[in-house]
Amino acid sequence: MFSKFKRTNSNNPDENELDLNNIPKHIAIIMDGNGRWAQRKHLPRVAGHREGMQTVKKITIAASDLGVKVLSLYAFSTENWKRPNDEVNYLMQLPIRFFQTFVPDLIKNNVRVMVMGDITRLPEGTQKAVHDAINQTADCTGMVLNFALNYGGRIEIVDAAKQASQLVTDGKLTVDQIDEALLASLMMTSPLGDFEDPELLIRTSGEQRISNFMLWQLAYSEFVFVDEHWPDFDSDSLSNAIKIYQGRHRRFGGLETK
Ligand code: IPE
Ligand code: IPE
Ligand code: MG
């Protein structure tokens, strides 16, 4: 007998059905390939970012509909400042456009906006758009849409270490009290409570690296790399990635429980 749901480690999930009882609660996505998508169409790189913004809208709704609790999206890394000014400026304007057009849909879908990263370095208009969106969706109780903006995993860990050191210096903590739970509480994901660590990380565009994203939180996440560029990623791509996740054997260093 074939079971309805066949377990596989392959990236070929087509024969599987999506198990709605096993949807990852926290999905993190490295949205990559906007520039190459545009270049392939002989368009400027920023056209890829504009199209990528539409994908963010579609995937947000798709994830929320699937019952995902947290969707973390890598939108701008601490290393992305190295790009040409024009591109950086365009990327800084995108959140303004995104929230201007999308906040009503977020509210309709009960999605709450959260941000991780040092947004004080963003232009004022961008900071305002982000704060407005956080405030406007503050009462939403469904999925959390968590944008990583000027975010870096290493600086996040450095900042947590600094905060822990300060607590020791101030006599509020002993060195022995610094443990994983304490550091987790100092990470930018701590407001997410039980959902702080993603079960699934997806990266688009064929690159197979983590590029300084959520280094602490991804310790035991399943990684799914897809070849599509971000603007081509759609709800079927999301379902496929989740099917691949559902075929994985998660052991957390132990032995499989059957
Ligand atoms: C991802 O697409 C978006 C950001 C990093 C802001 P890229 O801009 O990295 O696109 P590629 O990887 O150059 O194609
Ligand atoms: C990672 O993509 C950052 C974001 C998606 C925001 P990059 O395109 O910046 O990463 P690298 O340079 O290929 O590692
Ligand atoms: Mg890239």
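Colleague: Leaving aside its neighbours within four places in sequence, with which residues is Thr137 in contact?

Modeller: Please bear in mind that this is a predicted model. Once neighbours within four places in sequence are set aside, Thr137 is in contact with Leu106, Ile107, Val111, Arg112 and Val113. Thr137 itself belongs to the loop that joins helix H4 (124–136) to strand E4 (144–151).

Colleague: Is Thr137 buried or exposed?

Modeller: A residue counts as buried when its relative accessible area is under 20%. Thr137 has a value of 0%, and it is therefore buried.

Colleague: Which residues does UniProt list under "active site"?

Modeller: Such annotations come from a record, and the entry here is unreviewed. For "active site", UniProt names Asp32 and Asn80. They are spread over 49 residues of sequence, yet they cluster in space, with a largest C-alpha distance of 12.1 Å. Both Asp32 and Asn80 are included in the lining of the largest pocket.

Colleague: Where is Asn80 found, and what does its side chain reach?

Modeller: One reads the position from the elements on either side. Asn80 sits in the loop between strand E2 (70–77) and helix H3 (85–108). Its side chain reaches the backbone nitrogen of Ser77 at 2.8 Å. With a relative accessibility of 15%, Asn80 counts as buried.

Colleague: Which residues does UniProt list for "binding site"?

Modeller: The unreviewed UniProt entry gives Asp32 and Glu222 for this feature. From this set, Asp32 is taken into the lining of the largest pocket.

Colleague: Where is the place of Asp32, and which residues are in contact with it, leaving aside its neighbours within four places in sequence?

Modeller: Asp32 is placed in the loop between strand E1 (26–30) and helix H1 (34–40). Leaving aside neighbours within four places in sequence, Asp32 is in contact with Arg203, Thr204, Ser205, Glu207, His229 and Trp230. With Ser205 there is also a polar contact, side chain to side chain, at 3.2 Å. Asp32 is buried, because its relative accessible area is 16%.

Colleague: In which strand does Glu222 lie, and is Glu222 buried or exposed?

Modeller: Glu222 lies in strand E6, which comprises residues 222–225. At a relative accessible area of 14%, Glu222 is buried. Apart from neighbours within four places in sequence, its contacts are Glu199, Leu200, Leu201, Tyr245, Arg248 and Arg250.

Colleague: How many residues are around ligand 1, and which come nearest?

Modeller: The surroundings of a ligand are read first as a list of residues, then as individual atom pairs. There are 13 residues around ligand 1, of which Asp32, Gly35, Arg36, Arg45 and Arg83 come nearest. A polar side-chain atom of Asp32 is 2.8 Å from an oxygen atom of the ligand. For Arg36, a polar backbone atom lies 2.7 Å from an oxygen atom of ligand 1. For Arg83, a polar side-chain atom is 2.7 Å from a ligand oxygen atom.

Colleague: How much of the accessible area of ligand 1 does the protein cover?

Modeller: On its own, ligand 1 has 370 Å² of accessible area, and the protein covers 87% of it.

How values were computed:
Residues are numbered from 1 along each chain as its sequence is written. Chains are lettered from A and ligands numbered from 1 in the order in which they are written. This is a predicted model: local features need pLDDT of at least 70, side-chain atom pairs count only at pLDDT 80 or more; totals for chains, interfaces and linings use all residues. Side-chain values use heavy atoms; hydrogens and water are left out. UniProt positions are given in the numbering used here, feature names are shortened, and annotations may be inferred rather than shown by experiment. On a 1 Å grid over the protein atoms alone, a cavity is a set of points where a 1.4 Å probe fits but cannot get out, and a pocket is an open set with protein on both sides within 12 Å along at least five of seven lines; lining residues have an atom within 4 Å of a point. Helices (H or I, at least four residues) and strands (E, at least two) are DSSP runs, numbered from the N terminus. Buried means under 20% relative accessible area, exposed over 50%, partly exposed in between (1.4 Å probe, protein chains only). Contact means heavy atoms within 4.5 Å. A polar contact is a pair of N or O atoms within 3.5 Å; within protein, one must be able to donate a hydrogen and the other to accept it, and residues adjacent in sequence count only if both atoms are side-chain atoms. A residue is near a molecule or strand if one of its heavy atoms lies within 4 Å of it. Accessible areas come from the Shrake-Rupley method with a 1.4 Å probe; for residues, only the protein chains shown count as cover.
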